[in-house]
Amino acid sequence: MLDVARIAGEALMSVLENVETDTPVELNDAANIFDAVDSFAIVDLLLETEGRIEQEIGRYVPLADETIFDAEKTPLKNWSTWVDYVEKSIAS
Amino acid sequence: MWRNPLQAEAERAELRFANASIRGIVTTVGDRMVEFAEEAPGMGLSEAEVARLQRAIGLNRRQIVSGNETTSDLCAHSARRLLQGCGLTPEQCQGLIFVTQTPDYAAPATAISLATRLGLPVTSMAFDVRLGCSGFIYGLAMAYSLVESGLNRVLLCVGDVASKFVDPTDHAIAPIMGDAGSAILIERKPSAASFQFYSDGSGERALIIPNSGVRKTPEDEGMPALMHMDGASVFNFTLQRVPSMITDILQYGAKEPDAIDYFVLHQPNKYILKNIQKRMKVDDAKMPSDTQSVYGNQNSASIPGTISGFLSDDFSSRRLTSLFAGFGIGLSWAAAIVETDHIYAPATFTGIKD
């Protein structure tokens, strides 16, 4: 079974290697990625996560939709929500 | 106010044409090539940030004007080459539409002087349209309307010297913009085309040049008259509106996706285009996405610029059914399904040669 939490976590760590943040991002269920990084890093996270998923399952799953940069609706405000979002995107 | 959905549907801005067609497309880009990796340090970007932006947005290089050339200069060059290539004289055109956000002057309209420079007779009509990334579709629909209403040929000139309205040190927008001017000849000939249009002024501030007109607002006080972009809003707008627009125009044009030879979309960045392509389940080869990486964002010239830059052989040698989609500043977006048949479509010209 696909370990989406691991894939998403590894993608985030890879992106954060090249991003300066005001405070270190601690990866836990409540982590708020949306407010921790800039918009380019979010696009980078989308790309990185999509690439890793494609490697694992052999097909491209587009993760960006109109909620990603919406401050009210973005799944990136909460890490567990983001993992759920990725899982649902793969399933749909 | 409550609106009946069926009534709203009937009131949509949609147009169909049967007797207008594109005869040729020519694009001229700025003569100066700027490598993103070379200009990035001047914007305060580290090597790692450069790599991120290259990957995420597709930034690589762009073409801008090196001197004081204007959009109308680029368009004039394209239009001359277009008329020459089609074996026509300027006197055989009765109209010129100039779509740009960078006119020669705030007044008068640049289209009038451009028409005179090109040699169109005083008995022709010429006017400007102030639109950005959706402008090609709007201009094309207006040209089709004029031809169906009686004119024999209309020149549509679209483009921007966008490098002139960005802060060269603003890494959020400066490395995106390219300079281009396209000329498109529309003439009377049986051919089917469908258009749909959308406008949403509530997104006015997502892309805006403050202090560039008559309106003065407290929030704009002290801001330079340069393009300001709320990238997140534009990203959301694109992913919210463009896929549904493509679905709608296919339905309105009564076409299955397989019947479309090319989906030529405005080229804001590679990631957005790839996302739309995958969500719409369109083959890679049918939706070109390299314009941003080679020429920069060409604004209203990005659709004809993509044809000139990457599809000139096919448009020159085949009968094609294409779906065009423009979207951006306004917010304004529009789509069209258009048939072309062996049009004059040479590869992009770099710089003004005459």
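This is a predicted model: local features need pLDDT of at least 70, side-chain atom pairs count only at pLDDT 80 or more; totals for chains, interfaces and linings use all residues.

Q: Thanks. At what angle do helix α1 and α3 of chain A pack?
A: Helix α1 (residues 4–16) of chain A packs on α3(A) at about 135°, and their axes are 9 Å apart. The two helices are therefore oblique to each other. As for handedness, α1(A) passes α3(A) in a right-handed crossing.

Q: Which residues meet there?
A: From α1(A) come Ile7(A), Ala8(A), Glu10(A), Ala11(A), Leu12(A), Ser14(A) and Val15(A). They meet Ala41(A), Asp44(A), Leu45(A), Glu48(A), Thr49(A), Arg52(A), Ile53(A) and Glu56(A) in α3(A). By class, this contact has 8 nonpolar, 2 polar and 5 charged residues.

Q: Let's step back to chain A as a whole. How many helices and strands does it have?
A: Chain A has 4 helices and 0 strands. Along the sequence the pattern reads α-α-α-α.

Q: What radius of gyration does chain A have, and what would a compact globule have?
A: Chain A has 12 Å, and a compact globule with 92 residues would have a radius of gyration near 12 Å, so the two agree. Along its principal axes, the C-alpha trace of chain A spans about 35 × 25 × 20 Å.

Q: And what share of chain A is buried?
A: Buried residues make up 33% of the 92 residues in chain A. On contacts, if you take those in chain A with a separation of 6 or more, 63% are between residues 24 or more positions apart.

Q: Switching to the two chains together. How many residues are in contact between chain A and chain B?
A: 13 residues of chain A are in contact with 15 residues of chain B. On the side of chain B that touches chain A, α3, α7 (231–252) and α8 (270–280) each supply at least two residues.

Q: Which of those gives the most?
A: That is α7(B), with 6 residues. By class, the side of chain B that touches chain A has 7 nonpolar, 4 polar and 4 charged residues.

Q: How do the α3 helices of chain A and chain B cross?
A: Helix α3 (residues 39–57) of chain A and helix α3 (residues 47–57) of chain B have axes that come within 9 Å and cross at roughly 60°. They are therefore oblique to each other, and their crossing is left-handed.

Q: New topic: is Gly159(B) buried or exposed?
A: Gly159(B) is buried, because 34 other C-beta atoms lie within 10 Å and 20 or more is enough to count as buried. Gly159(B) is found in strand β7 (residues 153–161) of chain B.

Q: What does Gly159(B) touch?
A: Leaving out residues up to four places away in sequence, its contacts include Thr71(B), Cys75(B), Thr100(B), Ser182(B), Asn299(B) and Ser300(B). Gly159(B) and Ser300(B) are 141 residues apart in sequence, with their C-alpha atoms 5.0 Å apart in space.

Q: What about the backbone of Asn299(B): what is its phi?
A: Phi of Asn299(B) is near 55°, a positive value in a residue other than glycine. Most residues other than glycine have a negative phi. Asn299(B) sits in the loop between α9 (291–295) and α10 (302–310) of chain B, and counts as buried with 34 C-beta neighbours inside 10 Å.

Q: And His342(B), buried or exposed?
A: His342(B) counts as exposed, with 12 C-beta neighbours inside 10 Å. Its phi is positive too, near 50°. Look for His342(B) in the loop between β14 and β15 (349–350) of chain B.

Q: Last one: where are the cis peptide bonds you'd point me to?
A: One runs from Ala107(B) to Pro108(B), with omega near 5°, and Pro108(B) is in the loop between β5 (95–99) and α5 (110–118) of chain B. Another runs from Gly330(B) to Leu331(B), with omega near 0°. Leu331(B) lies in the loop between β13 (319–328) and β14 (332–341) of chain B.

Key: Residues are numbered from 1 along each chain as its sequence is written. Chains are lettered from A and ligands numbered from 1 in the order in which they are written. The radius of gyration is taken over C-alpha atoms; the globule rule is 2.2 Å times the number of residues to the power 0.38. Two residues are in contact if their C-beta atoms, placed from the backbone, lie within 7 Å. Axes are lines fitted to C-alpha atoms, for helices over the stretch in contact, and angles run from 0 to 180 degrees between N-to-C directions. Angles under 35 degrees count as roughly parallel, over 145 as roughly antiparallel, 65 to 115 as roughly perpendicular and the rest as oblique. A crossing is left-handed if the near helix is turned anticlockwise from the far one by less than a right angle, and right-handed if clockwise. Ala, Val, Leu, Ile, Met, Phe, Trp, Tyr, Cys and Pro count as nonpolar, Asp, Glu, Lys and Arg as charged, and the others, Gly among them, as polar.
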